[in-house]
Amino acid sequence: MSGNRAVAYKGPGEVEVIDTDYPEFELKDGPGVNPANVGRKVPHGAILRTVATNICGSDQHMVRGRTTAPANLVLGHEITGEVVEVGPGVEFIKVGDLVSVPFNISCGRCKNCIERKTGICLNVNPDRPGSAYGYVDMGGWVGGQAEYVLVPYADWNLLKFPDKDQALEKIMDLTMLSDIFPTGFHGAVTAGVGVGSTVYVAGAGPVGLAAATSALLLGAAAVIVGDMNEGRLAQARSFGCETVDLSQGGPAEQIEQILGVPEVDCAVDAVGFEAKGHGHDAKEAPATVLNSLMDITAAGGAMGIPGLYVTGDPGASDEAAKKGSLSLSLGTGWAKSLSFTTGQCPVMKYNRGLMNAILHDRVHIAKNVNATAITLEDAPRGYKEFDAGAATKYVLNPNGYLDGKAA
Ligand SMILES: NC(=O)c1ccc[n+]([C@@H]2O[C@H](COP(=O)([O-])OP(=O)(O)OC[C@H]3O[C@@H](n4cnc5c(N)ncnc54)[C@H](O)[C@@H]3O)[C@@H](O)[C@H]2O)c1
Ligand SMILES: [Zn+2]
Ligand SMILES: [Zn+2]
């Protein structure tokens, strides 16, 4: 086996499908690879033939040129695959297994992994705690929007589907276990959602729709989703959410029209630092969502913040935001004793339970996010349409496993 095809970031607004190397059980030098990780041996790894690999809003931050991602970085952290090779240190995962890969890379051996805080593993990224495939500043693990990909610490990281045929039937749902379903679920759980909660989710992208789906699964009484993209709001209504159109102004008044009060018990930020302001033709205003969630979350409530915030944003509109500093009305949150949970979702905390919910037909996440399979070669179109606001979660199909599959 020699070759591999993969989606690479080329420059702002541009991705290309390139010829690249078939993975080996060693991390080689390449675009974005931390020098301290070059030559790292991966005997505990597995090589997967990719079954499904999704395009994410997190990829878009890089592709829009809003990060320091280098050209030719191979993208892709949402990976489902079939094991085709295992390293000599792999004991339990076998060739032929069909598996979901948590987007967080974690070692299973450090103190954070032992506490299931796998989004901040201490051993996989020399720059800082936490890592992911195909992502800037995450250590340089090669992305999985490709025909083949290497997964380290395979026995620990991989979630094996119990039955291959059943899994392939539900593969468009199961592919959401690598990131957005657990991430949306984590947003809802950390916002305190339970039976009878009222919930506001900012953002009707795939993560927001996954958070709304999760809130319903957790028993919320009312789930209100806000965005300024009508197509995405319609998608939220399609499975029982209420919606607010933020091009008309902030969420409080519209929430009051729905609930009778201008506040909710639980709020989720599924937008992040590229947030737009509210109202007609509003410009980017990175603190909008955080400030409006502090306004509308009832005293004593909680905010789940899966939306991504950065330590540096060269493309930001003002000097402070370029350094990751936002203008927060933290006093509002303090006065109301609100709790906040930020950071990468620790996927492993949730993926097995959510897999079972899918396999037992408790939830139809693929339908709710309008999952659509496209070929690997069509990735540049998927990125463009997703960036333009399509109400679609694009799933790349590099090896034909998804032929004929729909949400
Ligand atoms: N924490 C994690 O582990 C994790 C995992 C996956 C994704 N993310 C992050 O979650 C965020 C959402 O991901 P996605 O794939 O859904 O992205 P997306 O870009 O498709 O969706 C974001 C949506 O927010 C909307 N929006 C913009 N300003 C808004 C505002 N003020 N109020 C409400 N909506 C607004 C946009 O119109 C868009 O529909 C991104 O920041 C992504 O990086 C985090
Ligand atoms: Zn993602
Ligand atoms: Zn670890």
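I began with A212, which is buried at a relative accessible area of 0%, and I note at the outset that the model I am reading is predicted. I placed A212 in helix α7, which spans residues 206-217. Leaving aside residues up to four places away in sequence, I found A212 touching V201, V223, V225, F239 and C241.

I then turned to the salt bridges, of which the structure holds 20.

Next I checked E82 and R49, where the closest N and O atoms of the salt bridge are 3.9 Å apart. This pair links distant parts of the chain, with E82 in strand β6 (residues 79-86) and R49 in strand β5 (residues 46-54), 33 residues apart. I recorded E82 as buried, because its 14% relative accessibility falls under 20%, whereas R49 is partly exposed at 29%.

I went on to K393 and E78, which form a salt bridge with closest N and O atoms 2.9 Å apart. Here K393 belongs to strand β17 (residues 393-397) and E78 to the loop between α1 (57-63) and β6, so that distant parts of the chain, 315 residues apart, are linked. K393 is buried at 0%, and E78 is likewise buried at 0% relative accessibility.

Last, I noted a network of salt bridges linking R64, R66, E274, E284, D313 and D387.

How values were computed: Residues are numbered from 1 along each chain as its sequence is written. Chains are lettered from A and ligands numbered from 1 in the order in which they are written. This is a predicted model: local features need pLDDT of at least 70, side-chain atom pairs count only at pLDDT 80 or more; totals for chains, interfaces and linings use all residues. Side-chain values use heavy atoms; hydrogens and water are left out. Helices (H or I, at least four residues) and strands (E, at least two) are DSSP runs, numbered from the N terminus. Buried means under 20% relative accessible area, exposed over 50%, partly exposed in between (1.4 Å probe, protein chains only). Contact means heavy atoms within 4.5 Å. A salt bridge is a side-chain nitrogen of Lys or Arg within 4 Å of a carboxyl oxygen of Asp or Glu.
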